[in-house]
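Here are a few exercises to work through with the model open beside you. Try each task before reading its solution.

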Amino acid sequence: VLLAGGYLILEREHSGTVVALDARFRTCVELAELTEAAVVVKPGLLVEVHSPQFRDVRRYMYDGASLEPVPVDGKSPSPNRYVEVPLLYCFTSLKETQGGDFFALAVARAKAAGCEVLPSDNSGSVLGLRITLAANNGFYSQAGELRARGWPLCASSLRRLPPMLPPRVDDGGDLPKTGLGSSATLVTSLLGALLHLFGAIELPSRLTAKGPGSSSSSSLSSAGTLQGQAALDVLHSLAQLCHCAAQGKVGSGFD
């Protein structure tokens, strides 16, 4: 949160005063068997993105050059550039650094690590990526939630709320965001999880967790895996690029 500095920080000679919060996005990326794949009409990497807080499920197909939406229950997903741009840019980066078979290589490493990620004999299934996104409550105003529960509007009430609640819309039907940079946080979290899973970077262990489609270290590491500050620098650069491309402008750089 920027406490002081405002738009003056757009000029490099000026600085601002900031504090960091513990509000964060959480991304789980798994190599998974995806069902109902009969709708897929061309080869490629099938990606399924779940946002339980928004009751949203969307699918995309990456064909090595583009990312195309895939209908779910007969409906194509509405555009979400803060998901689609990171997916496309990340896969493009992996293709350039690991080759066009980067997904097959990740499956092979997972199999070697003892992960059960191979598809069954079900002809309606295909091996792909399942991504689950979740945001801390702090990214959205919880005033409506507290009023609905009859709780006082205070910090102690906020601490009592279950984590990662579906946010309530305000009286105008809009999502009451608190302005903590949720889109930039989403982009960074999504990219970090993807690059880590595919062995492009190794994130600090405190940022990762084991999943069904990941190895014991939760990273399908390869020989070229970046670690430490080099890994974070690559993640930062790619996240900033994706965020600028998604919002269509450079912005302040503060996010």
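This is a predicted model: local features need pLDDT of at least 70, side-chain atom pairs count only at pLDDT 80 or more; totals for chains, interfaces and linings use all residues.

**Exercise 1.** How many bridges join strand S4 to strand S5, and do the two run parallel or antiparallel?

*Solution.* Start with S4 (residues 45-51) and S5 (residues 56-62): 7 bridges join them, and they run antiparallel. Strands here are DSSP runs of E with at least two residues, helices are runs of H or I with at least four, and both are numbered from the N terminus.

Residues are numbered from 1 along each chain as its sequence is written, and side-chain values use heavy atoms, without hydrogens and water.

**Exercise 2.** What is the strand order of the open sheet, and which strands are at its edges?

*Solution.* The order of the 5 strands is S3-S7-S4-S5-S6, with mixed pairing (two strands pair if DSSP finds at least two bridges between them). The edges are S3 (25-34) and S6 (67-70), each pairing on one side only.

**Exercise 3.** At what angle do the axes of helices H1 and H2 cross, and which residues meet?

*Solution.* First, the axes of H1 (residues 81-98) and H2 (residues 102-112) come within 9 Å and cross at roughly 80°; axes are lines fitted to C-alpha atoms over the stretch in contact, with angles from 0 to 180 degrees between N-to-C directions. The helices are therefore roughly perpendicular (65 to 115 degrees). Then list the contacts (heavy atoms within 4.5 Å): Phe91, Leu94, Lys95 and Gln98 in H1 meet Phe102, Leu105 and Arg109 in H2.

How values were computed: Angles under 35 degrees count as roughly parallel, over 145 as roughly antiparallel, 65 to 115 as roughly perpendicular and the rest as oblique.
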